[in-house]
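User: Could you walk me through this fold, one question at a time?

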Amino acid sequence: MNYNASKQIGVEAMSQTVLIVDDEYKIVEVVASYLQNAGYQTLTAENGEKALAIMQSKSIDFLILDLMLPDISGEEVCRRVRQMHGIPILMLTAKVSEEERIAGLAIGADDYMVKPFSPRELVMRVKTIMRRVSESELLADELMFHDGELVINAVEKEVYITGEVANLTPLEYKVLLVLARHPKRTFTREELVEKVWGFDYEGDARTIDQHVKNLRHKLEHNPKEPRYIVTVFGVGYKFIGSAS
């Protein structure tokens with residue numbers, strides 16, 4: 001199956017393009033149809049190599065990625081995409097163990113759905129993630145902590161650690177921003193899910209744990225002794241960085 005651009009027929013998702021990567025034709029056909037009806041443009045690829053080629057030549061806003069591809073694994077595609085882009089990634093998986101799904105989040109996925117899934121729910125997940133990622137931040141344009149060691153630029157939506165870009169995923173950035181804008185306040189997992197994904201998110205609140213783990217590895221000198229995001233056992237997380 002060759003990838004193709006679909007006709008845009010909605011307004012809400014105008015100009016937003018979703019790349020669907022799956023070797024099951026029926027799944028691709030149904031997902032593309034539902035997304036098109038919601039107003040998105042779609043591109044499709046049946047394997048990882050074609051997906052990566054599209055990512056290098058096209059402007060993609062969202063990636064739906066099956067883990068079980070015929071050439072290279074979805075995990076490897078995710079890793080390579082994360083080296084090029086910070087776009088949201090929703091993984092589709094037939095794997096059901098918690099460890100396997102957490103592994104997908106650890107390498108940069110923003111969310112996952114287990115097959116078989118509801119196409120309507122998938123569209124709502126895409127809308128929710130896209131909306132949360134694209135929301136403009138209306139408070140401080142720049143936040144600095146520990147004498148400029150950590151800088152969050154809310155205009156560019158970039159995070160710098162010791163002067164280097166931290167390469168956060170969109171949802172990692174959102175989790176960090178929510179916490180950093182409320183220093184010393186403890187957020188429950190459910191509160192963070194609400195602020196990052198929205199009220200209509202139906203996934204596991206413990207998805208937050210993996211995003212926080214990823215943030216620690218990207219921001220901390222010693223992730224086991226965090227200076228920015230700490231765990232409040234039995235409750236959730238809070239940001240403790242010292243503002244500059």
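**Hairpin, sheet and helices**

Analyst: Happy to! E6 and E7 make a hairpin with 4 residues between them, and His146 in the turn has a positive phi of about 50°. Helices (H or I, at least four residues) and strands (E, at least two) are DSSP runs, numbered from the N terminus. This is a predicted model, numbered from 1 along each chain as its sequence is written, with side-chain values from heavy atoms and with hydrogens and water left out. Local features need pLDDT of at least 70 and side-chain atom pairs count only at pLDDT 80 or more, while totals for chains, interfaces and linings use all residues.

User: Which residue of E7 is the bridge partner of Phe145?

Analyst: Two strands pair if DSSP finds at least two bridges between them. E6 and E7 run antiparallel and are joined by 4 bridges. In E7, the partner of Phe145 is Leu150.

User: Is Asn153 buried or exposed, and what is its relative accessible area?

Analyst: Asn153 sits in strand E7 (residues 150–153), and a polar atom of its side chain lies 2.9 Å from the backbone nitrogen of Glu156. Buried means under 20% relative accessible area and exposed over 50%, with partly exposed in between (1.4 Å probe, protein chains only). Asn153 is therefore buried, at 12%.

User: In what order do the strands of the open sheet come?

Analyst: The sheet has 5 strands with parallel pairing. Its edge strands, each pairing on one side only, are E2 (41–45) and E5 (111–114). The twist averages 20° from one strand to the next. The order is E2-E1-E3-E4-E5.

User: Which residue in E4 is the bridge partner of Leu65?

Analyst: Strand E3 (residues 62–66) and strand E4 (residues 89–93) pair in the parallel sense over 4 bridges. In E4, Leu65 has as its bridge partner Met91.

User: At roughly what angle do the axes of H6 and H8 cross?

Analyst: Axes are lines fitted to C-alpha atoms, for helices over the stretch in contact, and angles run from 0 to 180 degrees between N-to-C directions. The axes of H6 (residues 170–180) and H8 (residues 207–219) come within 10 Å. Angles of 65 to 115 degrees count as roughly perpendicular, and H6 and H8 are therefore roughly perpendicular to each other. They cross at roughly 90°.

User: How many of the residues of H6 are buried?

Analyst: Among the buried residues of H6 are Glu172 and Lys174. H6 is largely enclosed by the rest of the structure, because the buried count is 11 of the 11 residues.

Key
Angles under 35 degrees count as roughly parallel, over 145 as roughly antiparallel, 65 to 115 as roughly perpendicular and the rest as oblique. A polar contact is a pair of N or O atoms within 3.5 Å; within protein, one must be able to donate a hydrogen and the other to accept it, and residues adjacent in sequence count only if both atoms are side-chain atoms.
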